[in-house]
Amino acid sequence: MVCDQCSLSSVIRMTSLYKINEIFQTIQGEGVFTGVPSVFIRLQGCPVGCAWCDTKQTWETDEADRREFQDVIMKTQDSPAWCEMTPEEIVKRYQEQGYTAKHIVITGGEPCIYDLTALSCAFEHVGCRCQIETSGTSEIKASENTWVTVSPKIGMKGKLPVLTSALLRANEIKHPVGTLKDIEQLDTLLKQARIPEETIIALQPISQKQRATELCIQVCTERNWRLSIQTHKYLSIA
Ligand code: SF4
């Protein structure tokens, strides 16, 4: 699963740096890969500002929160602490931790504020598959084989538009839904971007709210879209 970009990116891999908030192994709880054992790499930094964000500790990159990797990997609760690593160092740590999952979820924060080409290629070199979870508000730079999940964040505090290029790169558009207005906004986005038919569309109720869940079930059934449930929250796992 090594893409053409990999042969070009060995120099980039040695110079790219990523700010890591946490790395942990769990089960992917939502979207197409629900149930797949995964290693999550959570990157620090997000300018989007969703009111209901459950990873607000990743928003700011404060120099006072810089730590050594060992402190970051030993985290037992959410914190804004981060460390800086090259793709090689991240893959080495993945191997040294003895993780068994081959599915790597690069998330955040907003991971696409970074160029993820070197990181995704580095993991593909050791036989892994990468998935990015992004808001679609930054250009997506990753290996060709990377699975891209865009959860469009529309009209948030950071006032960043959802990019058509991000929607067109998406393999999966997983839309957070609270009310009917969210579905109307998604309809507008899909229409403007002319999304290809093969792109998977999923609706995901925000914060397991019952009315949102019922609305998502109704609309998914009518349109033959998928329902994405945050199963990790029901299971109380990370
Ligand atoms: S894009 Fe993600 S990390 Fe950023 S504010 Fe929204 S939910 Fe939180």
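Me: What percentage of the 238 residues of the protein chain count as buried?
Reply: A residue is buried if 20 or more other C-beta atoms, placed from the backbone, lie within 10 Å of its own. Here 39% of the 238 residues count as buried. This is a predicted model: local features need pLDDT of at least 70, side-chain atom pairs count only at pLDDT 80 or more, and totals for chains, interfaces and linings use all residues. Residues are numbered from 1 along each chain as its sequence is written.

Me: How many helices and strands are there in the protein chain?
Reply: Both are DSSP runs, numbered from the N terminus: helices are H or I with at least four residues, strands E with at least two. The protein chain has nine helices and nine strands.

Me: How do I read the packing of two helices?
Reply: Two packed helices are described by the angle between their axes and the distance between the axes. Axes are lines fitted to C-alpha atoms over the stretch in contact, and angles run from 0 to 180 degrees between N-to-C directions. Take α4 (residues 87-96) and α5 (residues 117-125): the angle is about 40°, and the axes are 9 Å apart.

Me: Which residues meet there, in α4 and α5?
Reply: Contact requires C-beta atoms, placed from the backbone, within 7 Å. P87, E88, I90 and V91 in α4 meet A118, L119, A122 and F123 in α5.

Me: Which residues are around the ligand?
Reply: Near requires a C-beta atom, placed from the backbone, within 6 Å of the molecule. The residues around the ligand include C46, C50, C53, E110 and K153.

Me: What box do the C-alpha atoms fill?
Reply: Along the principal axes, the box is roughly 45 × 40 × 35 Å.

Conventions: Two residues are in contact if their C-beta atoms, placed from the backbone, lie within 7 Å. A residue is buried if 20 or more other C-beta atoms lie within 10 Å of its own, exposed if 12 or fewer, and partly exposed in between; C-beta atoms are placed from the backbone.
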